[in-house]
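Me: I would like to go through some features of a model and learn how to read them. Can we start once the structure is up?

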Amino acid sequence: MSEEIETPVVIVGGGGCGLTLSCFLSNYGVAHVLLEKHTTTSILPKAHYLNQRTMEILRNHDLVKEILQKTCPPRHMSQVAWQTSLGGSGLVDRQVIHKFECFGGNNGTEFAESYKRDAPLRSGNLPLFRLEPILKELAEKRNPGNIYFGYQLVDFTDEGSSVVARVSDNAGLERSYRCKYLIAADGGRTIGPKLGIKMEGLTNIADMVSVHFSADLSEYWDDRYFACHFINGECNTVFESGAIVPMGPNWGRHSKEWVFHCGFAMDDQNRHDDAALIPRIRQLLKVPDLEMDVHKISHWTIEKVLADKYRVGRVFLAGDAGNRRPPTTGLGLNTAIEDSLNIAWKLALALKGEASESILDSYEVERRAVGEINSDWGLFTFSNSTVINTALGLIPGEREANQFRFQTLFEDTDKGHGFRAQVARIIDTQAIEFCAHGIELGFRYPKGLLLHDGSLPVNRDPLGLEYYPTTQPGHRLPHAWIELGDSVMSTHDLVSNKLGFALITDSEGCDWAIAAKNILKNRGVEVVVAPIGDKCLYRDYDDRWNGLKEIQPGGAILVRPDNMVAWRSIYKSRFGGKELEVAMDLLLLGDTEEHSVAKL
């Protein structure tokens, strides 16, 4: 009979999703174990883009220090380009077809300033095989002896009041864990199918190959490029083209490692011919003698699927177990880390008895909605590349017309200039992938663990480029720099990695402070009160908060542990702060579906 160990939470999966979840739970004081079937962290050069929402989450939970030391500096990921080749001496070789700024650029434009202004950190770029070892070490330090790599989930049973997970190590030694909750961060490989969860959507959209290699491209590479798409104007199909992204550990032209991505038609019989890939890359780049040390060739399939459930009983799905989408816009790992944070603080409040278990129902309501939006957006941005390829002359079965179209791009004629300008306009539409500021920071929860205040919906950019900060419930708290004594901090630091809420008000919000003390006394939940203003404990550092808060003097904004707005009072309290106490009661009970500020 195998040994049975009790623990509140079992995490299955030691990738970026599971490891960050482990760190969050440790910060919140929740005992748990993590099980990963592989003996090491990922060896794949994927999931490298860390958007601003992810970076601020990692910052709030003290996970970002080493990442900032190793990530690509913004100056080396400020442009994306479409180009003919790196080498060659022909008329159309080494030609930049078009390029544009990405992730806020690096040249002081208004778009660049918005990225700097709207979050405490810029985006990062660190591939999974460099990121996961950092996260694993942090998880092990915060939860020593409970992070198990080389342990396979054999089976699990939800017994109603607990879940029993049976696991086996590489030597075949079995043990069982009895937990209150099981989190599937396994990429959807085992737990979801056993639960009967259906992944709904599109599969087998395209076959992709990634070649991770070392090479010296310093002679050719532009230091500003995050990525470069290389277009083969001779073969004239998208499947003879490809894209290259630096993988570090140095960055810019001196990057030592790279990844080459290309696609194949699903009916291409030669798509698994790995021996042909290296000659193909050299031919496309037109650097025939390029020395390449290949580390890994990986095949993967483009799909856009969403789980029909994110929870069954005491089992929750997170990350790729809940949704999988094309990699364009880089929403995979970033969505997964948001999933992890969302479930972590809710589990902590429920397990500590500070909130009803009903608050856990909001996890699926909130995160499945975002998973659907992000998977749709991934497919949308991936599909837009077809429009660009058509403009460039990569139309299947149109070889002569394609070649004529491609040659015209580089003519020094009115026709050539006009065509090139039009192609540039079409390529610019891919800003929906590389400049998705509104998608990354502007997501919202229409329903969930929040109380709507009856205000009209805020502006949203349908192209996902512009971010409109708001304090409306269900949205991310806007970032602004504030002063506390001699320290400068973000509004996001008011909750940081503490298991508590924050209440932002001003010098006229004294009643809210009294209500916050009552909440701690009567319910055991901390609410940090932060009055911001010229005569307050906290001061507006650069005069932005006053334009962002959207509340009148004496109003208040209640912020959840994940820096999402849970409730707000636009006006000064009329009942000595009791509105806050009633709101908190509803939130901690998970009883928010039928309530609004008008009914409190």
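Me: Is C23 buried or exposed?

Reply: Buried means under 20% relative accessible area, exposed over 50%, and partly exposed in between, with a 1.4 Å probe and protein chains only. C23 has a relative accessible area of 0%, so C23 is buried. This is a predicted model, in which local features need pLDDT of at least 70, side-chain atom pairs count only at pLDDT 80 or more, and totals for chains, interfaces and linings use all residues. Residues are numbered from 1 along each chain as its sequence is written, and side-chain values use heavy atoms, leaving out hydrogens and water.

Me: How many disulfides does the whole structure hold?

Reply: A disulfide is a covalent bond between the sulfur atoms of two cysteines. The cut-off here is a pair of cysteine sulfur atoms within 2.5 Å. A search of the whole structure gives zero. For C23, the nearest cysteine sulfur is that of C17, 12 Å away.

Me: Which way do the side chains of β3 point?

Reply: In a regular strand the side chains alternate between the two faces of the sheet. Strands (E, at least two residues) and helices (H or I, at least four) are DSSP runs numbered from the N terminus. In β3, H32, L34 and E36 point one way and V33 and L35 the other. Five of the five residues of β3 (residues 32-36) are buried, so the strand is largely enclosed by the rest of the structure.

Me: What pairs with β3 over four bridges?

Reply: Two strands pair if DSSP finds at least two bridges between them. Strand β2 (residues 9-12) pairs with β3 in the parallel sense, with V10 opposite V33.
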